[in-house]
Amino acid sequence: MVQESIAITDVSDTAIWMAAYRAEESARPDALFSDPIAERLAGRLRGAVLASKVAVPGSRNGWPPVVRTRLIDDLITYALAEGCDRVINLAAGWDTRPYRLELPAELHWFEADLPAIVAAKDRALALDPPRCELTRRAIDVTDRDACAAFLVEATAGAERPLVITEGLLQYVEPAAVLTLSENLRTHGIRWWITDLWTPLLLRVVNRTMGRRLGDARWLFGPRGGARCLRGWEVREQLSIFRAAARWRRSPRWMRPAAGLPAGLLRSGVVCLRVAE
Ligand SMILES: C[S@@+](CC[C@H](N)C(=O)[O-])C[C@H]1O[C@@H](n2cnc3c(N)ncnc32)[C@H](O)[C@@H]1O
């Protein structure tokens, strides 16, 4: 029976929702990735109820986070092949990449998220061995000084650090995104992988799912995309709609790119680097 008390009340609930979608994808015979821990982390009831409460009836709206996960997996793999020697996942939620990706054992991976998520994740994964060195910290990444102190720790000794902000920026006030972007730029980050959504998509999400998102309404979807992140340039831009069509995850009517407005097609994942 659905428990009414279970719903998205704040942004940290969205992390469980992501894990529920990753568990669902992992169970498919043609899965885009295998995340065997996701099912346990999401918790059968809580994750599934969140997903069903937020889902728009008739749509298959778990596909964007699934496609995003796979696109980011691939970008991490390319960065490692190009000599990335540190991965820093800000707002990692219930992400399990340090446990499921093929990673060099000597790689040091840092994660940060809000205190409640970090404490719960530490408990849930206490007996699971990561495939590389892993450090998890509780911080608010929009707190400029706390984030700067964390970045000093997380980049120490690294020559080519990579930062991931997957599923974070859309929940953050635009001014705080710019502060974070500046913080990353001044701490020697070589690659920054993030999802970026267009103003059109922001409107669609808030209009269709807004009330069910509680305090997790979308706030950041800049006109002009990554151009607002001063000091960064786009190295790679991957449309989530095109990738979803290629992998047959989006609804059939969305698959012909020609039929979709550019304001949707530009939404997706970017790999940024500091502008020269
Ligand atoms: C949609 S989830 C994404 C989690 C994970 N990156 C993924 O893709 O599965 C958003 C995450 O952002 C975290 N978050 C939101 N605001 C934050 C902040 N100010 N500082 C740290 N983490 C934050 C939430 O706790 C949550 O884990």
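Helices (H or I, at least four residues) and strands (E, at least two) are DSSP runs, numbered from the N terminus. You're looking at a predicted model, where local features need pLDDT of at least 70, side-chain atom pairs count only at pLDDT 80 or more, and totals for chains, interfaces and linings use all residues. Residues are numbered from 1 along each chain as its sequence is written, and side-chain values use heavy atoms, with hydrogens and water left out.

**Exercise 1. Get an overview of the chain.**

Step 1: Start with the secondary structure, which comes to 10 helices and 7 strands.

Step 2: Check the confidence. pLDDT is the predictor's confidence in each residue, from 0 to 100. Its mean for the chain is 89, and 87% of the residues reach 70 or more. Over residues 1-6, though, pLDDT stays under 50.

Step 3: Look at burial. Buried means under 20% relative accessible area, exposed over 50%, and partly exposed in between (1.4 Å probe, protein chains only). Of the 276 residues, 55% count as buried.

Step 4: Turn to contacts (heavy atoms within 4.5 Å). Take those between residues at least 6 apart in sequence: 78% of them join residues at least 24 apart.

**Exercise 2. Work out which residues of helix α8 are buried, and where they sit around the helix.**

Step 1: Find α8 at residues 199-209. Its buried residues are Pro199, Leu201, Leu202, Val205, Asn206 and Met209.

**Exercise 3. Track down some salt bridges and say how buried their partners are.**

Step 1: Know what to search for: a side-chain nitrogen of Lys or Arg within 4 Å of a carboxyl oxygen of Asp or Glu. The whole structure has 20 salt bridges.

Step 2: Arg40 is partly exposed, at 47% relative accessible area.

Step 3: Now take Lys121 and Glu111, with 3.0 Å between their closest N and O atoms. Lys121 belongs to helix α5 and Glu111 to strand β2 (residues 108-113). Lys121 is buried at 1% relative accessibility, and Glu111 is buried with a relative accessible area of 1%.

Step 4: Finish with the network. Salt bridges that share partners join Arg68, Asp73, Asp95, Arg97, Arg100, Glu166 and Asp195. Within it, Asp95 and Arg97 meet at 3.1 Å, N to O. Asp95 is buried at 2%, and Arg97 is buried at 0%.
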